[in-house]
Amino acid sequence: MSIRSERKEEHLKLAQMFFNKEKYNSFDQMHLLRPALPESKVDQSVLATEMFNKSVSAPFFINAMTGGSKQSLIVNQALGKIAHQEKIALALGSASILAKEKDQLESFYVARDEDPNGVLIVNVNPETPINAIKQTIKELQADALQIHLNTVQEIAMPEGDRNFIWLDQIKNILDQITIPVIIKEVGFGLDQNSIHLLKENGIKYFDVAGSGGTNFAQIENARNDHDVSYLEDIGLPTVISALMAQKESVNFIVSGGVRNPLDILKGLSLGGQFVGISNVFLQEFNKNSFEGLQTLISNWKDELATLIAIYGKHDLASLPKIKKYYDLPLKNQIDQLI
């Protein structure tokens, strides 16, 4: 196994080691005002929507996790099958490894093989050669491309990059591919200035991926020979990052610390068109295998439809109209930053 594949395996193990479903985050400091008389009924059909011109059964999806190793092949095969059966979108983990290790394609392709017509999103870093990106998109018949921005992770990573001059590469990728491009953080949040700059340069889709869930500084620090734990707390909370994206009037996905259907509803109420979930789904698969994760996702659809009803709404478009209020620590941050 190559060094890159070994790193993928280590990430999976460390994500499991540090997983804490009860981890406190900004969603806990955000509240939705519920009407006692909602005048609504539960109807799961309200969840159905379109993502990149394909129908999906819900506005949440399986966000980027893994790929490029033996264990990730097993995970991606299961995720592809679940995405197909539950009719939700799936974003694969970083496929940048394919630029140097084409033999790892199967660990990604199994997802498309299991879900031939569903929404599949490919993920790469900004330094990935354009030819490799085009080939990966073609091989996987991808519906969209995530370009991840992971400066904090790279700094914490023993073998990480130290050159973060990426805008020209992003513009080059945008100019040369035809599918939608999503700029995605990896758990430290997109800030408003970066969203604005990227919007001015043609990016139309964003995944805020704020802090509150998987912490890649913590994961990389566990692989490091010196302590960089001070990097673990420099992320931008998901709620604040989403509000920044909302202020920039862009199409955005809310992810980062989503643990349950109420967090999904909060993400949609912030203006997110979709909500992405990674580690909660991964650890459910690790604990209870394919059947456990499929049941969880099916239950979440039922529960999200129930929540929409008790908050008095009848469609996804009306969710941002739910009145919100915040605990003072988060409200103070919002007032200072937005």
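Colleague: Let's start with helices H2 and H3: how are they oriented to each other?

Modeller: Happy to, and please keep in mind that this is a predicted model. The axes of H2 (residues 70-86) and H3 come within 7 Å and cross at roughly 15°. Angles under 35 degrees count as roughly parallel. H2 and H3 are therefore roughly parallel to each other.

Colleague: Which residues of H3 meet H2, and what is the make-up of the contact by class?

Modeller: The crossing of these two helices, H2 and H3, is right-handed. H2 brings Ser72, Leu73, Asn76, Gln77, Gly80, Lys81 and His84 to the contact, and from H3 they meet Glu106, Ser107, Phe108, Val110, Ala111 and Glu114. By class, the contact of H2 with H3 comes to 4 nonpolar, 6 polar and 3 charged residues.

Colleague: Now H4: where on the helix do its buried residues fall?

Modeller: In H4 (residues 130-140), the buried residues are Ile130, Ala132, Ile133, Thr136, Ile137 and Leu140. Seen down the axis of H4, they fall within an arc of 160°, so they line one face of the helix. In short, the buried residues of H4 line one face.

Colleague: Which residues are exposed on the other side of H4?

Modeller: The buried residues of H4 are covered by elements including strand S5 (90-94), helix H3 (106-114), strand S6 (120-124), strand S7 (144-149) and helix H6 (167-176). On the other side of H4, the exposed residues are Asn131 and Lys138.

Colleague: Is Leu140 buried or exposed?

Modeller: Leu140 belongs to helix H4. Leaving aside residues up to four places away in sequence, Leu140 touches Leu92, Leu105, Phe108, Tyr109, Arg112, Leu120 and Val122. With a relative accessible area of 0%, Leu140 is buried.

Colleague: What is the phi of Gln141, which follows H4?

Modeller: In general, most residues other than glycine have a negative phi. Gln141 comes after H4 and has a positive phi, near 50°.

Colleague: Which class does the accessibility of Lys87 put it in?

Modeller: Lys87 sits in the loop between H2 and S5. Its phi is near 55°, a positive value in a residue other than glycine. Exposed would need over 50% relative accessible area. At 46%, Lys87 counts as partly exposed.

Colleague: And Glu39: is it buried or exposed?

Modeller: Glu39 lies in the loop between strand S1 (30-32) and strand S2 (49-51). Although Glu39 is not a glycine, it has a positive phi of about 50°. Its relative accessibility is 60%, so Glu39 counts as exposed.

Colleague: What distance separates the C-alpha atoms of Glu39 and Ile310?

Modeller: Along the chain, Glu39 and Ile310 are 271 residues apart. In the model, their C-alpha atoms are separated by 8.5 Å.

Conventions:
Residues are numbered from 1 along each chain as its sequence is written. This is a predicted model: local features need pLDDT of at least 70, side-chain atom pairs count only at pLDDT 80 or more; totals for chains, interfaces and linings use all residues. Side-chain values use heavy atoms; hydrogens and water are left out. Buried means under 20% relative accessible area, exposed over 50%, partly exposed in between (1.4 Å probe, protein chains only). Helices (H or I, at least four residues) and strands (E, at least two) are DSSP runs, numbered from the N terminus. The arc is that of the directions from the helix axis to the C-beta atoms. Contact means heavy atoms within 4.5 Å. Axes are lines fitted to C-alpha atoms, for helices over the stretch in contact, and angles run from 0 to 180 degrees between N-to-C directions. Angles under 35 degrees count as roughly parallel, over 145 as roughly antiparallel, 65 to 115 as roughly perpendicular and the rest as oblique. A crossing is left-handed if the near helix is turned anticlockwise from the far one by less than a right angle, and right-handed if clockwise. Ala, Val, Leu, Ile, Met, Phe, Trp, Tyr, Cys and Pro count as nonpolar, Asp, Glu, Lys and Arg as charged, and the others, Gly among them, as polar.
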